[in-house]
Amino acid sequence: MISLITNKTKNLRIHPAWIVFWLIWPLGAFLGSIRNYRTITAKFVFWLFCVFIGLTFVVPRNTEEAPDSARYAAELEILHSMPFSFQSLWDSFYDSSSRNLDIYKGLVTWIVACFTGDPRWLFALFAAVFGYFYVQNLWMIFDRIEIRNSLILFLFILGMALVNPIWNINGARMYTAAQIFLFGCLLFFLRNEKKGLLWCASSILVHFSFMFPVALLLFYIFLPKRTALLFAFYIVASFVKEINLAQIQNLLYFLPDIFHVKINSYTDVDYALAVAEKENLPKSIHVVLNTFCTQFFIYFWVITLYFTRKSWFNISPDGESLYNFALFFGGWAQIADSIPSMGRFISIDNNIFFVVLVLIISKINLSPKLNMLAKLTSPLLIFTIIFSFRIGFGYIGPLTFIGNPILASFMENSVPLISYIKSIF
């Protein structure tokens, strides 16, 4: 059942037939190519499929409390009908009157608006950029996997991939920045490439709040890497449920004036109370279960990996370095969770922990105890995977499954798949 394969991506040539296959049926091309996931063809076709998901992305329209994608689409339509010059766009960045702190979204929207007001092409471009880093991150892990044909390993890889999946282009700024930051971290910790720090820093251009994780990374570099202390910090930080928002405001006022409006909005006490009140509203049982499963799964493995570290530190030095950073980063992410909207950084830490788990579980000389625990926790993982796909079905329609780029250029994927599922049940 288990076989050894090399640690390098194989077959550096992309066969044109796969591109033709993708033009006819993107989903079929993706499923067919992923069977030989080591090949450059699988990597390229996966990226193309990400672009196709963006092209067929279901954008919510005229709904209350609509997600970010609805606002992106509206901004594109306005910009296309009332165009302005690139110089005007450039002057708006980091300008106090425009409050435009994110270069990426503004630049991409402006480029698309020069040609069309159709949001399909905006999200295709969002997906192309997101997908590039998404694919790079996954294949950087794939190149380090030693075993193959393991169902448990497949589940852990799928769980890792779905922490920040392609349909998160719904919030393109935050989650694209997260993929770029992870890309930089993997380059730095797995390949010892200093340019990874530059890639991490570039995530700030996509979402200004990534000044926080970038600062943490730079601070971590100069810290002593004592796993016991980092583990203790992570556990203690998990119990921090409230911080003084006024003090946070004062600490962050050293930043330029352009950032003060955003700082005030994030750390406003009334806003924090409103968010907390909304969080306390009754939630669907599957949402509550997903939160429980995710938190239990992560904490279980953080603690398990700490107490079994002697059995895997030697076989996975890459995993050791990432594990230590994830403890440090995760501790601060838990503390930042007290600030509205800052809890999103916990998902980045979860992604790093998943990378560590995949690197360890993929080792052929993994201890039987860890292998058994991986099997025992797989039901929790399966539930989170199903829940993630359920979220994705809110932004994916039938055209994504049966269509192709030619059809998608003329037909709009306006009804999400989850609507059809709900109508049946």
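Leu-305 makes contacts well beyond its sequence neighbours. Leaving aside residues within four places, Leu-305 is in contact with Trp-312, Tyr-323, Val-356, Leu-357 and Ile-360. All of this comes from a predicted model. Leu-305 belongs to helix H16, which covers residues 285-307. Is Leu-305 buried or exposed? Its relative accessibility is 1%, and buried means under 20%, so Leu-305 counts as buried. One of its partners is Tyr-323. Along the sequence, Leu-305 and Tyr-323 are 18 residues apart. In space, their C-alpha atoms are 8.7 Å apart.

**The whole chain**

Now step back to the chain. What does its secondary structure come to? The answer is 24 helices and two strands. The chain has 425 residues, and 52% of them count as buried. Contacts also reach across the sequence. Take the contacts between residues at least 6 apart: 77% of these join residues at least 24 apart.

Asn-137 and Asn-324 each sit in a helix. Asn-137 lies in H7, residues 119-142. Asn-324 is found in H18, residues 317-336. What does each one touch, not counting residues up to four places away in sequence? Asn-137 touches Gln-179, Leu-182, Phe-183 and Leu-186. Asn-324 touches Tyr-220, Lys-225, Thr-227 and Leu-230. The table sets their accessibility beside that of other residues in this report.

| Residue | Relative accessible area | Class |
|---|---|---|
| Asn-137 | 4% | buried |
| Asn-324 | 4% | buried |
| Leu-305 | 1% | buried |
| Cys-50 | 0% | buried |
| Cys-185 | 0% | buried |
| Ile-24 | 56% | exposed |

**Helix H9**

Helix H9 runs over residues 172-190 and has 19 residues. From its first C-alpha to its last, H9 reaches 26 Å. That is close to the 27 Å expected at 1.5 Å a residue. How many residues of H9 are buried? The count is 18 of 19, so the helix is mostly covered. Just after H9 comes Asn-192, which takes a positive phi of about 55°. An α-helix has 3.6 residues a turn, so residues three or four places apart point the same way. The partners of Asn-137 include Gln-179, Leu-182, Phe-183 and Leu-186.

**Cysteines without a bond**

How many disulfides does the structure hold? It holds zero. Cys-185 is in no disulfide. The nearest cysteine sulfur to Cys-185 is that of Cys-200, 3.9 Å away. Cys-185 is buried, at a relative accessible area of 0%. Cys-50 is buried too, with a value of 0%.

**A nonpolar patch outside**

Finally, turn to the surface. Which residues form a nonpolar patch there? They are Ile-14, Ile-19, Val-20, Phe-21, Leu-23, Ile-24 and Trp-25. Together they have about 570 Å² of accessible area. Ile-24 is found in helix H1, residues 16-24. Why does Ile-24 count as exposed? Its relative accessible area is 56%, and exposed means over 50%, so Ile-24 passes the cut-off.

Note on methods: Residues numbered from 1 in each chain as written. Predicted model: local features only at pLDDT ≥ 70, side-chain atom pairs only at ≥ 80, totals over all residues. Heavy atoms only, no water. Patch = residues over 30% accessible without salt bridge, like charges linked within 9 Å, V, L, I, M, F, W, Y side chains within 5 Å. Areas by Shrake-Rupley, 256 points an atom, 1.4 Å probe, with all protein chains shown as cover. Salt bridge = Lys/Arg side-chain N within 4 Å of Asp/Glu carboxyl O. Helix = DSSP H or I, 4+ residues; strand = E, 2+ residues; numbered from the N terminus. Buried < 20%, exposed > 50% of the residue type's maximum accessible area, 1.4 Å probe, protein only. Contact = heavy atoms within 4.5 Å. Disulfide = S-S within 2.5 Å. Expected span 1.5 Å × (residues − 1).
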